[in-house]
Amino acid sequence: MKLSHKLTILASFAMALMAVSPSAAQSYRLPGQHTQQHGDLIAGQHHSNMEVDNTTKYLEALFAEEEEPEFDIYTEGWESGFVNCYKNATVPQTAVIDVTKFCMPHPGYVTSPYGYRKRFRRMHKGIDLKANIGDTVRAAFDGKVRLTKYERRGYGYYVVVRHTNDLETVYGHLSKFLVEPDQYVRAGDPIALAGNTGRSFGSHLHFETRYMGYAINPAAIFDFANQTTHTDYYTFDKNTYQHARNFSPEANAAYAAQYRATHKVEYGNTKSTAASNSRSKGASTVVVRKGDSLSRIASRNGTSVAAICRLNGIKSSTKIRPGQKLRVR
Ligand SMILES: [Zn+2]
């Protein structure tokens with residue numbers, strides 16, 4: 001195909017995108033397994049009354065929070081002329097981003113959400129996904145690798161990919177690169193192996209989605225509990241992009257339990273923390289707390305609902321009550 005021809009197609013594609021109004025573009029796709037709760041969650045996507053407090057408290061109880069001084073790679077220690085151009089570029093007020101052709105970067109559940117971390121008084125500009133050292137990390141969309149770098153006190157080994165849909169994705173704490181800068185990648189191509197490098201306690205994948213330097217909540221685009229995207233088109237809005245905290249702890253806890261039941265999940269590794277040790281070597285019997293569900297207990301104790309049911313001779317549908325004792329291992 002001639003270049004001019006390609007450009008014409010690109011231009012008409014861009015025009016088509018611009019013609020789509022944000023509201024028309026946001027036709028929500030609800031896969032069969034989506035729950036009512038998830039539907040409610042999507043309905044609330046545009047509201048900025050964040051319920052991040054509950055989410056944060058809940059996750060802090062579930063997971064050992066780690067400090068990740070994520071250097072803003074777009075302003076600090078940055079040599080690339082490409083990125084500097086963002087500094088002077090005019091970022092549009094809104095933009096409709098095509099996320100139809102995607103791949104989940106890793107199937108792991110969310111161990112730490114995007115958003116303000118009270119304890120460290122700073123923003124967590126991405127999302128952390130459970131991953132073992134050596135797990136394959138995949139490109140989220142088609143694009144070209146812009147960077148493979150090492151940041152000792154932050155991201156560790158990390159990859160930045162610029163995508164054809166204008167997003168950029170960042171993958172941090174890797175153990176090995178499988179791509180080089182300037183290499184073209186397709187959504188789903190292996191780009192690296194997960195690890196525990198940089199400022200990381202326990203192996204995981206730190207994943208960011210950025211639009212012209214603006215770090216969007218990856219959970220506003222990806223539905224990690226259902227391993228899909230929320231919509232075919234994500235509407236970026238400069239005023240509210242940080243407010244899209246459509247993160248569902250309940251759905252994630254259920255997905256985490258399911259993930260642990262079907263994957264070998266490593267807790268302790270070279271840089272394990274006291275918290276992760278206590279999680280893997282916790283008590284064998286727990287007392288049901290108010291508001292507990294089997295999936296919540298399973299998630300809190302690093303086991304599955306099925307395993308708890310087996311140990312206690314109950315069904316997943318069995319009603320549990322506060323004060324009741326349950327064996328978890
Ligand atoms: Zn992170």
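Figure 1. Of the 329 residues in the protein chain, 39% count as buried (20 or more other C-beta atoms within 10 Å of the residue's own; 12 or fewer is exposed, and in between is partly exposed, with C-beta atoms placed from the backbone). This is a predicted model, in which local features need pLDDT of at least 70 and side-chain atom pairs count only at pLDDT 80 or more, whereas totals for chains, interfaces and linings use all residues. Residues are numbered from 1 along each chain as its sequence is written. The protein chain holds 10 helices and 18 strands (DSSP runs numbered from the N terminus: helices are H or I with at least four residues, strands are E with at least two). Among contacts in the protein chain with a separation of 6 or more, 70% join residues 24 or more positions apart (a contact requires C-beta atoms, placed from the backbone, within 7 Å).

**Figure 2. Strand β1 and its partner β16.** Strand β1 (residues 94-98) is largely enclosed by the rest of the structure, because 4 of its 5 residues are buried. β1 and strand β16 (residues 233-237) run antiparallel and are joined by 5 bridges (strands pair if DSSP finds at least two bridges between them). Ala 95 has Phe 236 of β16 as its bridge partner.

**Figure 3. Asp 166 in the loop between β8 and β9.** Asp 166 lies between β8 (156-163) and β9 (167-177). Its phi is near 80°, a positive value in a residue other than glycine. Asp 166 has 18 C-beta neighbours inside 10 Å and therefore counts as partly exposed.

**Figure 4. Gln 227 in the loop between β14 and β15.** The loop that holds Gln 227 lies between β14 (222-223) and β15 (228-229). Phi of Gln 227, a residue other than glycine, is positive, near 55°. With 14 other C-beta atoms within 10 Å, Gln 227 is partly exposed.

How values were computed. Contact = placed C-beta atoms within 7 Å.
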